Amino acid sequence: MSAVLEIMGFLLSLGGWLVLGSTLPNGYWKVSTLHGSVITTSTLYENLWKSCAEDSTGISNCKKFDSMLALPDYIQACRALMIASLVLGFLATMLSMFGLQCTNVGSTDEKTKGKIAVTGGSLFILSGVLALVTLSWYAARITAQFFDPLDGGTKYELGSALYIGWFGCLLDILGGAFLTCSCKQNKQVSYSNHRYDYSAAPTTGRIYKNPESLSSKVYV
């Protein structure tokens, strides 16, 4: 059961990392809303790297953000957190492959493999948490701007990339938890397999029977 849980956790974590990787270049992190907007013939959408406009014919024109230092602080922080999340996910994938019981790569010691698997699972969880913080922070800024009555700029709604990213975070965290739990199960199984055989010590003396009581025995 632990091996199945371990493989399932690795596949879930790997799938979550790939989903997060596809979220980063996705252009639809936020999309302009039609609610209260005068311009209805074009749609504006942005991500962490560029801003695009799509007209009614489906033709899009995009412009990359010119200067990183001119961007808002939360955009710069979101970039750094997402990149760190993907790098941690890559390291976790490599470590988990070495720590799986079904692989013969690296050390074959079960204890060492268990430690490697736990490290990989922990990195997967950390990767998912960093991405979750990034996506939630970005979504909170969109929501705050949408409900701000003093903001006269373009109103945006949550884009599809955020929902895809949240799903990837869930897979990362769940898969990492499965990896760490599978190692604990391996330890419990290894402890239960230990058997201790006890044998009675041989007696070197003689046994004398008391003629008055046949059930009593004296050892000398």
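This is a short talk on the fold of one protein, taken from a predicted model.

Some ground rules. Local features need pLDDT of at least 70, side-chain atom pairs count only at pLDDT 80 or more, and totals for chains, interfaces and linings use all residues. Residues are numbered from 1 along each chain as its sequence is written, and side-chain values use heavy atoms, with hydrogens and water left out.

Start with the parts list. The protein has four helices and seven strands. Helices here are DSSP runs of H or I with at least four residues, strands are runs of E with at least two, and both are numbered from the N terminus. The order from the N terminus is α-β-β-β-β-α-α-β-α-β-β.

Five strands form an open sheet in the order 4-3-2-1-5, with antiparallel pairing. Two strands pair if DSSP finds at least two bridges between them. Strand 4 (60–64) and strand 5 (156–158) are the edges; each has a single partner strand, so one side of each lacks a neighbour in the sheet. From one strand to the next, the twist averages 25 degrees.

Look at strand 5 again. Strand 1 (residues 30–32) is joined to strand 5 by three bridges, and the two run antiparallel. Ser-32 has Tyr-156 in strand 5 as its bridge partner.

What packs on the sheet? Helix 3 (residues 110–146) does, touching strand 1, strand 2 (42–46) and strand 5. Contact means heavy atoms within 4.5 Å. The direction of helix 3 makes about 140 degrees with that of strand 5. Axes are lines fitted to C-alpha atoms, for helices over the stretch in contact, and angles run from 0 to 180 degrees between N-to-C directions.

On to the core. The largest nonpolar core has 28 residues. Such a core is a set of buried Ala, Val, Leu, Ile, Met, Phe, Trp, Tyr and Cys residues joined through side-chain atoms within 4.5 Å. Buried means under 20% relative accessible area, with a 1.4 Å probe and protein chains only. Among those with the most contacts inside this core are Trp-29, Met-82 and Tyr-138. Helix 1 (2–23), helix 2 (73–99), helix 3 and helix 4 (160–192) each supply at least two of its residues. Helix 3 gives the most, with eight. Across the protein, buried residues make up 33% of the 220.

Last, the record. An unreviewed UniProt entry lists residues 74–95, 116–140 and 160–181 as "transmembrane region". Positions follow the numbering used here, feature names are shortened, and annotations may be inferred rather than shown by experiment. In the model, residues 74–95 are 100% helix, with end C-alpha atoms 31 Å apart. Residues 160–181 are 100% helix too, with end C-alpha atoms 32 Å apart.

Definitions and conventions: Buried < 20%, exposed > 50% of the residue type's maximum accessible area, 1.4 Å probe, protein only.
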